[in-house]
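Subject: Structure handover

Hello,

The sequence and structure are below.

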Amino acid sequence: MPDSSIREFADSTVDPPIRGFLHAPETPNGDALVLTHGAGGNAQAPLLRALADTFANAGYTVLRCNLPYRQARSFGPPGPGDAARDRAGLKNATAAMKTILGAPLLPDVGRRGAFSGGTNDKARIFLGGHSYGGRQSSMLCAEEPDLVAGLLPLSYPLHPPRKPEQQRTQHLPALRTPTLFVQGTRDPFGSIEEIQRAIKMIPAKTKLLTVEGAGHDLGFKGKGKKEELPKQVLTEFTALFS
């Protein structure tokens, strides 16, 4: 995908503000995907970049965004008091995408605050994130069932490593948003069997894409890349949400 179609995006008129990178497809399909990062990462994570490129090539307008805690601190994990504000930031990001899809994607769309008004009621917005970002996305959708058309949690952190008793499933029975989970078979934050049991708690259409041999990074640790993974995710995503 040409670099000219990826632009820095920021909107400081909302609180929390939105900051990230907007992928504008050559041939938009009318849908959009907001992607965010895990606790130790940011919007430049290789996994997010690869997924954003793949989805944009398929016609999705994609926003890779930094959560509010990451905007405030360039490194380190979120604190106990950050979660609610991070969810508010994701809600603002989905609202921004609805506004963007309501108008033609002009060459300067996505530069700091440079998008025009209007909404498209037929546009579908999807929300996804890696680890912490995926968990906060799912919690936001449990709180607001009509916010987005679907969810894409990548390596859902079901529990801390070696602490399976600390299940992060309290909100799942309230989650009514169709969801595609992507989980590695060697993820210490949740085995495939544990994820399968958790998914059964969700009263919505769900699917699990397992990534053989992958850990919590889904094969994107450092410079490593599972080249075929983004296409696999897109294929399963398209099948679930077609």
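Helix H4 (residues 132-143) contributes 3 residues to the lining of the second largest pocket, the most of any element. Helices here are DSSP runs of H or I with at least four residues, strands are runs of E with at least two, and both are numbered from the N terminus. A pocket is an open set of points on a 1 Å grid over the protein atoms alone, where a 1.4 Å probe fits and protein lies on both sides within 12 Å along at least five of seven lines; lining residues have an atom within 4 Å of a point.

This is a predicted model, in which local features need pLDDT of at least 70 and side-chain atom pairs count only at pLDDT 80 or more, while totals for chains, interfaces and linings use all residues. Residues are numbered from 1 along each chain as its sequence is written, and side-chain values use heavy atoms, with hydrogens and water left out.

Pockets

The second largest pocket holds about 200 Å³ of space. A volume is the space filled by probe spheres set on the points, with grid points joined across faces, edges and corners. Its lining has 13 residues, and those nearest the centre are Ala39, Pro78, Tyr132, Arg135 and Arg168. Sorted by class, that lining has 8 nonpolar, 3 polar and 2 charged residues. Nonpolar covers Ala, Val, Leu, Ile, Met, Phe, Trp, Tyr, Cys and Pro; charged covers Asp, Glu, Lys and Arg; the others, Gly among them, are polar.

The largest pocket has a volume of about 290 Å³. It is lined by 17 residues, with Gly41, Ala45, His130, Asp217 and Phe220 nearest its centre. Here helix H1 (residues 46-57) gives the most to the lining, with 3 residues. The classes in this lining are 6 nonpolar, 9 polar and 2 charged.

Salt bridges

There are 6 salt bridges in the structure, each a side-chain nitrogen of Lys or Arg within 4 Å of a carboxyl oxygen of Asp or Glu. Three of them are described here.

Arg85 and Asp15 pair at 2.8 Å, N to O. This links distant parts of the chain, 70 residues apart: Arg85 is in helix H3 (residues 83-101), and Asp15 is in the loop between strand E1 (6-11) and strand E2 (18-23). For accessibility, buried means under 20% relative accessible area, exposed over 50%, and partly exposed in between (1.4 Å probe, protein chains only). Arg85 is partly exposed at 40%, and Asp15 is exposed at 59%.

In the pair of Arg87 and Glu143, the closest N and O atoms are 3.1 Å apart. Arg87 is buried at 12% relative accessibility, whereas Glu143 is partly exposed at 47%.

Lys207 and Glu236 form a salt bridge with their closest N and O atoms 2.7 Å apart. Lys207 belongs to strand E8 (residues 206-211) and Glu236 to helix H6 (residues 229-241), distant parts of the chain 29 residues apart. Lys207 is partly exposed at 35%, and Glu236 is partly exposed at 21%.

Cysteines

The count of disulfides (pairs of cysteine sulfur atoms within 2.5 Å) is 0. Cys65 is buried, with 4% relative accessibility. Cys141 is buried too, at 0%.

Regards
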